[in-house]
Amino acid sequence: MTGASELSYEVIVIGAGVAGIYQIKRLVDLGARATVLEAAGDLGGTWYNNRYPGSRFDSESYTYGYSFSKELLDEWHWKEKFSGQPENLRYLNHVVDKFGLREHMQFNCRVEAAHFDEANNLWRLKVSDGRELTCRFVILTLGLLSIPTLPRIEGMDDFTGRSFHTFDWPREPVPLAGKKVGIIGTGATAIQVIGEIADKVGALTVFQRRPNWCAPLNNSRISEAEMADIRSRYDEIFATCARTPGGFEHEPDRRGFHEVPREERLAMWDRLYDEPGFGIWLGNFREIFTDEEANAEFSDYIADRIRQRVDDPAVAEKLIPRDHGFGVQRVPLETNYLEAYNRDNVRLVDINETPIERVTETGIRTSEQDYDFDIIVYATGFDAITGAHDHIDIRGVGGERLRDRWRDSPSTFLGMFVHGFPNLLMPNGPQSGSASTNYPRGIEIGVNWCTELLEHMWARGITRAEATRAAEDRWTAHVTKMYSRMLMRKAKSWFTGYNSNVEGHEAGKVRYFVYNGGTPKYVAVINEVAEAGYEGLVLTKGPAAGLEKPAAADRVAG
Ligand SMILES: Cc1cc2nc3c(=O)[nH]c(=O)nc-3n(C[C@H](O)[C@H](O)[C@H](O)COP(=O)(O)OP(=O)(O)OC[C@H]3O[C@@H](n4cnc5c(N)ncnc54)[C@H](O)[C@@H]3O)c2cc1C
């Protein structure tokens, strides 16, 4: 039997993005013997990888940053309201260095398998560097958009120019001046890239299958004086984020859509359209998300905005989504996106009319013509929410595979536990409070909750936590039921598990990926669970493979 002293670590955290960084901070503070295993060559997750031009926040920078350290809040100056990838990565590195976390991280370590050893009550991990590690607890902070998906088009390897997925945009600058660039996709990433590079390339051809609704980001610089003001209001800002469903500063208009006269609705939308950020989506009437009529009226309003900004009426019509209403999936925010189509060097190809037949040595062939390119950019999104989980061979009690359990849709308790997979924690897992919100706000909530559970267990000599089947069923039914009220369920989007490039996800069968109750309700539920002694979890001393109690656990126990 493997005793605690023989465990490689008490806790292994997988993933060094925003979530993994905060999780290891909490564990290090407790004195737990813990490490982070990260597949990439360095920390940062989303902000380490997505280096494409235009990659930036759509959360207000100062609501995205961590809230846990006043010193950190006081010293960091966000330079832009919606800051770009290079600064975001600098910020995460600053946090890690400031709190001495780098020594608790191991890079180029992809976890390939995690098997629960029932007899010894521990997890056995297989790492890409050949090691096998053991630990009592595994914490998954794998990211919800960390597995990029390429399209399945014949001939992709034949292309002799440069081609890459936006997630893998090269680290060294890619010369764009004078280049003929083709981009496949018109989702959130493409919308950022196109707006940024249209005036820098020789020619840009956009291959669109389904247009997305989008709205202006309205970004701006943050001066020293403005930053000083933000610093003085941080408590208030985070209190607002905690109060709003989306974890942002934007609060829904709680008046009834149909009770507000149409002229007033239009005036409000005109104002929101010119404001920065998600106000147009999250500061809108709540019926936009649930009421077909309200949603259709607002979608018509945004369609008119597209017609006003795009010169060629035929192109404008192609850019207006017909298969879903505004806001039923996360809304891409743009800068100069629609105006890009007014440029002579930008062309929109509707691949419903002229399908892509193959990639050739020199470019892309559609049913209509051959296009020659120097660069092809695949802005084709991610195997979202459950993809990174599916990529690890995770096996629980009796060797059951998580991938099999979640084949049709995930099922979880609070988005943090799965029955049959003891001591596997997901602070921001599928169906948790993070996935449909301002992520770092949800991440801090989830990490704090999971860490407090571990403290509770360590203080009492408990070595095994497992969700009951009944608790998992109840939570999953709750998440599922919430979808039935949301127009979102009708959209083919990453919130419903649709991805034509992921096997099994092409059909558009709804997967219940995100909790739609909003931050305050989620927090109320998880707090109630904790206050009731972690009702829904079975906490036992386990077939104790010894107990490793971090120094700080005594303080908690006292
Ligand atoms: C371009 C882009 C812009 C975004 N903008 C915003 C925004 O403005 N606001 C917002 O709230 N959210 C935004 N998001 C969502 C974003 O993913 C979250 O904000 C946040 O970065 C998630 O952090 P995370 O730590 O959960 O995941 P990630 O940052 O994805 O980190 C997960 C890490 O886990 C690692 N990993 C995965 N599998 C393994 C394995 N098997 N072994 C070892 N390591 C593994 C990955 O390599 C990765 O480094 C954006 C996402 C993208 C892609």
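Author: Asn121 counts as buried, at 0% relative accessibility, where buried means under 20% relative accessible area, exposed over 50% and partly exposed in between (1.4 Å probe, protein chains only). This is a predicted model, in which local features need pLDDT of at least 70 and side-chain atom pairs count only at pLDDT 80 or more, while totals for chains, interfaces and linings use all residues. Residues are numbered from 1 along each chain as its sequence is written, and side-chain values use heavy atoms, with hydrogens and water left out.

Asn121 sits in the loop between strand S4 (111–117) and strand S5 (122–127); helices (H or I, at least four residues) and strands (E, at least two) are DSSP runs, numbered from the N terminus. Its phi is positive, about 55°, although Asn121 is not a glycine. Most residues other than glycine have a negative phi. Asn336 also has a positive phi, of about 65°, and is not a glycine. The loop that holds Asn336 runs between strand S11 (333–334) and helix H13 (337–340). Asn336 is partly exposed, with a relative accessible area of 46%, whereas Asn121 is buried.

Two further loop residues are buried. Thr360, in the loop between strand S13 (356–359) and strand S14 (363–366), has a relative accessible area of 10%. Leaving out residues up to four places away in sequence, Thr360 touches Asp158, Phe159 and Arg365, contact meaning heavy atoms within 4.5 Å. Glu154 is 206 residues from Thr360 along the chain, yet their C-alpha atoms are separated by 8.6 Å.

Ala379 lies in the loop between strand S16 (375–378) and helix H14 (387–390) and is buried at 8% relative accessibility. With residues up to four places away again not counted, Ala379 touches Thr166, Ile183, Ile184, Gly185 and Ala190. Of these, Gly185 is 194 residues from Ala379 in sequence and 5.1 Å away, C-alpha to C-alpha.

For the chain as a whole, residues 24 or more positions apart account for 72% of the contacts with a separation of 6 or more. The chain has 19 helices and 20 strands. Its radius of gyration is 24 Å, close to the 24 Å that the globule rule gives for 558 residues, so the chain is as compact as a globular protein of that length; the radius is taken over C-alpha atoms, and the rule is 2.2 Å times the number of residues to the power 0.38. Along the principal axes the C-alpha trace spans about 70 × 60 × 45 Å. Of the 558 residues, 61% count as buried.

The largest nonpolar core has 133 residues, and Leu204 and Trp449 touch the most other members. Such a core is a set of buried Ala, Val, Leu, Ile, Met, Phe, Trp, Tyr and Cys residues joined through side-chain atoms within 4.5 Å. Helix H16 (residues 439–460) gives this core its largest share, nine residues. Apart from it lies another core, of 26 residues, including Leu37, Val127, Leu140 and Trp406. Beyond its neighbours within four places in sequence, Trp449 is in contact with residues including Leu414, Phe417, Ile526 and Leu537.
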